[in-house]
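User: I am new to reading structures and would like to go through one feature by feature. Please give the general idea first, then the case at hand.

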Amino acid sequence: MGGKSSKVVMEERLERSAKTGVLALQGLGLTQIPSKVMELNKLRSISLAANNLAELPSELSRLKDLKTLQLESNSLRDLPSEYTSMKKMEKIFLQKNRFTAMPFCVLSFSKLKQLNISHNKLTSIPPEVFQLKKLEVINVSFNQISVIPDAVGECQAIELNVNGNNIKQLPIALKDSNLKVLRCENNKLTVKGIPPDVLRSSSICLLELGDSNAITQSQFQDIDGYKEYSERFTSNKKKGEKRVHV
C-alpha cells in the first residue's frame, strides 16, 4: 500500500469504483462494510476477501447491478435473506468461511455461473443448487458432505468439485447430468461406490479419484463401463489439444 493507511487506501478505492464499477476492498482488516459502499448502486463487482467480516449488512442488497461478489477468507456463517433481490449475480466466492449450510439467497441466483463454497463446514448439498440452470462450475470441496443428492441428474453445470469430503457412493443420477468434469479426490469411494452406468452412459469425461480413495487405478479400470468412459476421456483430450494448436 506504499505506506498509506488502510483508511486512505479504502477512500481511494471507493472513489475509483464510482467510475469503474469495480470495488476492491480485500485485505484491509475490515470488520464491517463502509456505509458508502451501499451508495454505489452501479457496482458490478466487489471484493471483500481476506477481511474480518463475521456478518454482512442487508443493505448491500441495494446493489442491483452486482454480478460478482468475493467474500472468501472471512468469518461468515450466513448471508442476509434480502440478497435474494440481487438478480444479476453471476459469480459468488464464499470459500474459507464458517458456513454450515448453503445460504438461502444463493439458491435464488438464477443467473449464477460460478459458485465456490469450498473449505467450509457444509454437511449437505441442497438439491436446489442443481436447478440453477446457468451454473457452469460448482465447488463444494473440503467440507463435510457425505452424499451427492439424486437431484444432480438435473445439473447443467460442466464441473462439480467435491474433493475432500466424506462421499462413499456416487449416485446413478449422474448419468443424466450435463457434467463433463467430476472431481472426487480425498473421499471414501470404493469400487462398489461407482455405478457402471455412470461410466458407461454419463457425459463425464474426467473423473478425478486421485490416490486418497479406497480404490486403485486398476480396480477403477476393471469396472464395467470403463471402456466407454476411457473413450470419452481420450476424445475430450484430443479436442483440447486441437484447441491449443489452433
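User: Is Leu209 buried or exposed?

Analyst: This is a predicted model. A residue counts as buried when its relative accessible area is under 20%. Leu209 has a relative accessible area of 8%, so Leu209 is buried.

User: Where in the chain is Leu209 found, and which residues does Leu209 touch?

Analyst: Leu209 belongs to the loop between S9 and helix H3, the latter covering 217–221. Not counting residues up to four places away in sequence, Leu209 touches Cys184, Glu185, Asn186, Leu189, Ile194, Ile215 and Phe220. For one of these, Phe220, there is also a distance: Leu209 and Phe220 are 11 residues apart in sequence, and 9.2 Å separate their C-alpha atoms.

User: Let us step back to the whole chain. How many helices and strands are in the protein?

Analyst: The protein has four helices and nine strands. Read from the N terminus on, the elements run α-β-β-β-β-β-β-β-β-α-β-α-α.

User: In what order do the nine strands form the sheet?

Analyst: To read a sheet, list the strands by who stands next to whom, then look at the pairing. Here the order is S1-S2-S3-S4-S5-S6-S7-S8-S9, in an open sheet with parallel pairing.

User: Which strands stand at the edges?

Analyst: Strand S1 (22–24) and strand S9 (206–208) do; each has a single partner strand, so one side of each is left without a neighbour in the sheet. From one strand to the next, the twist averages 5 degrees.

User: How many bridges join S8 to S9?

Analyst: Strand S8, residues 181–183, runs parallel to S9, and three bridges join the two. Within this pair, Leu182 has Leu207 in S9 standing opposite.

User: What about a residue that sits in a strand: is Ser47 buried or exposed?

Analyst: Ser47 is part of strand S2, which spans residues 45–47. Its relative accessibility is 8%, so Ser47 counts as buried. Leaving aside neighbours within four places in sequence, Ser47 is in contact with Leu23, Ala24, Leu25, Gln26 and Gln70.

User: Now the loops. Where is Leu53 found, and is Leu53 buried or exposed?

Analyst: The loop between S2 and S3 holds Leu53. With a relative accessible area of 0%, Leu53 is buried. Leu53 and Leu71 are 18 residues apart in sequence, and their C-alpha atoms are 8.8 Å apart in space.

User: Which residues does Gly153 touch?

Analyst: Gly153 is placed in the loop between strand S6 (137–139) and strand S7 (159–161). Not counting residues up to four places away in sequence, Gly153 touches Ala173, Asp176 and Ser177. Between Gly153 and Asp176 there are 4.7 Å from C-alpha to C-alpha, while along the chain they are 23 residues apart. Gly153 has a relative accessible area of 17%, which means that this glycine is buried.

User: How should I read a backbone angle, and what is phi of Ser73?

Analyst: Most residues other than glycine have a negative phi. In Ser73, which is not a glycine, phi is positive and near 60 degrees. Ser73 is found in the loop between strand S3 (68–70) and strand S4 (91–93). At 30% relative accessibility, Ser73 counts as partly exposed.

User: What is phi of Lys96?

Analyst: Lys96 is not a glycine either, and has a positive phi of about 60 degrees. Lys96 lies in the loop between S4 and strand S5 (114–116). Its relative accessibility is 48%, so Lys96 counts as partly exposed.

User: To finish, what do the totals for the protein look like?

Analyst: Of the 246 residues, 46% count as buried. The accessible surface comes to about 12,400 Å², with 48% of that belonging to carbon and sulfur atoms. Along the principal axes, the C-alpha atoms fill a box of roughly 60 × 45 × 35 Å. Among contacts between residues at least 6 apart in sequence, 30% join residues at least 24 apart. There are 36 positive and 26 negative charges, and their mean positions are 4 Å apart.

Terms used. Residues numbered from 1 in each chain as written. Predicted model: local features only at pLDDT ≥ 70, side-chain atom pairs only at ≥ 80, totals over all residues. Heavy atoms only, no water. Pairing = 2+ DSSP bridges. Axes fitted to C-alpha atoms, helices over the stretch in contact; angles between N-to-C directions. Buried < 20%, exposed > 50% of the residue type's maximum accessible area, 1.4 Å probe, protein only. Contact = heavy atoms within 4.5 Å. Areas by Shrake-Rupley, 256 points an atom, 1.4 Å probe, with all protein chains shown as cover. Lys, Arg positive; Asp, Glu negative; His and termini not counted. Charge placed at Lys NZ, Arg CZ, Asp CG, Glu CD.
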